[in-house]
Amino acid sequence: MSAAVSRQAARAWALEHREEMVRDVMRLVRIPSVAEPAGSGAAPFGPACAEALAEGLALCREHGFSARNLAGRCGVALWPGKRAESLGIFSHLDVVPAGEGWASPPFEPRVENGYIIGRGSGDNKGPAVAALYALRCLKELGAGLEHSVQLYLGCSEETGMADLVYYTQHEPQPVFSLVPDVNFPVCCGEKGILTADLTCRVEGSNLLGFGGGVASNAVPDRAFALLAGVPLAEVEPLLAGAPGVEAAAEGGKLRLTARGIAGHAAFPEGTESAIRSWRPFWPKMRLLPARPPGPWPFWPPLLATRTARGLTSTSGMKFRAAPPTWAVWRGWTGVCSPRTSTCATVCGPTRPRSSAA
Ligand SMILES: [Zn+2]
């Protein structure tokens with residue numbers, strides 16, 4: 001910075017603009033921008049993501065920054081400095097699916113006890129707007145920049161980061177970047193994310209249907225299984241040890257449904273995977289072969305354990321074909337950092353989640 005801005009002045013500016021900033025976050029949260037990897041044309045991640053991107057770029061322009069839409073995949077707002085080399089701030093406007101069990105509609109944001117409640121308010125629309133306001137604050141308080149700053153608004157962070165691939169192939173890269181997408185105050189680095197499909201052949205299963213989970217990085221709050229040849233009376237004794245699971249006879253078959261508590265897989269504390277509720281029922285499902293297929297450490301019972309070696313969720317299970325011969329489990333290893341406390345094995349004891357918004 002060629003002109004310094006005092007912490008006191010920045011704080012006063014932030015308090016003055018607090019209400020306006022909350023309104024801007026809510027503008028974005030109202031758009032249900034769950035990324036669709038199979039979108040097309042000007043909306044490669046679906047129309048809702050395209051709308052969120054347009055709204056995000058409009059906000060940047062309203063607050064005095066030039067902003068560009070990069071083929072509908074992402075956008076960049078620029079504050080030019082004396083040098084072309086830039087500092088990058090990376091945010092994203094896509095969200096994970098809302099899931100069930102919300103106390104109020106997830107895309108009708110409201111403020112409660114100082115928090116904005118709504119899907120995407122914390123991950124990552126709030127931080128995107130906070131970064132924009134940080135730039136605006138410095139600009140309005142007269143800070144001059146040595147380096148340029150570019151604020152990146154992505155649309156596919158939750159579904160594989162195809163937006164970022166496009167960006168790195170078409171735009172000059174920042175020399176240093178900040179990613180306001182973890183817990184406050186700072187995470188020095190992510191140790192890795194792995195989304196994996198585990199597929200195995202299943203012979204002679206009595207499962208007629210089986211499913212749960214909507215995204216690989218969301219802890220599922222619902223799961224179901226439809227079984228043949230298992231009378232209701234046979235599973236009733238197991239229900240006492242499986243809260244959240246219900247069983248009902250259905251035309252000569254047995255339907256099991258499980259309820260859990262949804263949440264982001266990177267922050268599993270306080271969530272309960274519905275698929276994890278199946279553990280007492282595995283023997284009735286005749287699904288698992290006697291041995292894990294190959295050297296995979298992620299065997300389904302492990303997948304259903306929240307903190308096994310940093311594996312934070314089992315997001316989905318489904319059959320690839322009917323009648324079932326193949327089962328697919330999709331698992332997700334979460335962001336593993338001292339600040340996010342998802343990994344008891346590598347990073348030390350699990351800490352309670354500090355706040356959620
Ligand atoms: Zn995020």
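The model is predicted. Strand β11 spans residues 222–228 and is joined by bridges to strand β9 and to strand β13, while helices α2 and α3 come within 9 Å of each other, taken between their axes.

- On β11, the covered face consists of Ala-223, Ala-225 and Leu-227, whereas Arg-222, Phe-224, Leu-226 and Ala-228 make up the uncovered face.
- Strand β9, which covers residues 207–212, runs antiparallel to β11 and is joined to it by five bridges, and Gly-212 has Ala-223 of β11 as its bridge partner.
- Strand β13, which covers residues 253–259, also runs antiparallel to β11, and here seven bridges join the two strands; Phe-224 has Thr-257 of β13 as its bridge partner.

**Helices α2 and α3**

- Two packed helices are described by the angle between their axes and the distance between the axes.
- The axes of α2 (residues 18–29) and α3 (residues 47–62) cross at roughly 160°, and angles over 145 degrees count as roughly antiparallel, so α2 and α3 are roughly antiparallel to each other.
- The crossing of α2 past α3 is right-handed, and the contact is formed by Asp-24, Arg-27 and Leu-28 on the α2 side together with Ala-52, Glu-55, Gly-56 and Leu-59 on the α3 side.
- Sorted by class, the residues in this contact of α2 with α3 are three nonpolar, one polar and three charged.

How values were computed: Residues are numbered from 1 along each chain as its sequence is written. This is a predicted model: local features need pLDDT of at least 70, side-chain atom pairs count only at pLDDT 80 or more; totals for chains, interfaces and linings use all residues. A residue is buried if 20 or more other C-beta atoms lie within 10 Å of its own, exposed if 12 or fewer, and partly exposed in between; C-beta atoms are placed from the backbone. Helices (H or I, at least four residues) and strands (E, at least two) are DSSP runs, numbered from the N terminus. Two strands pair if DSSP finds at least two bridges between them. Axes are lines fitted to C-alpha atoms, for helices over the stretch in contact, and angles run from 0 to 180 degrees between N-to-C directions. Angles under 35 degrees count as roughly parallel, over 145 as roughly antiparallel, 65 to 115 as roughly perpendicular and the rest as oblique. A crossing is left-handed if the near helix is turned anticlockwise from the far one by less than a right angle, and right-handed if clockwise. Two residues are in contact if their C-beta atoms, placed from the backbone, lie within 7 Å. Ala, Val, Leu, Ile, Met, Phe, Trp, Tyr, Cys and Pro count as nonpolar, Asp, Glu, Lys and Arg as charged, and the others, Gly among them, as polar.
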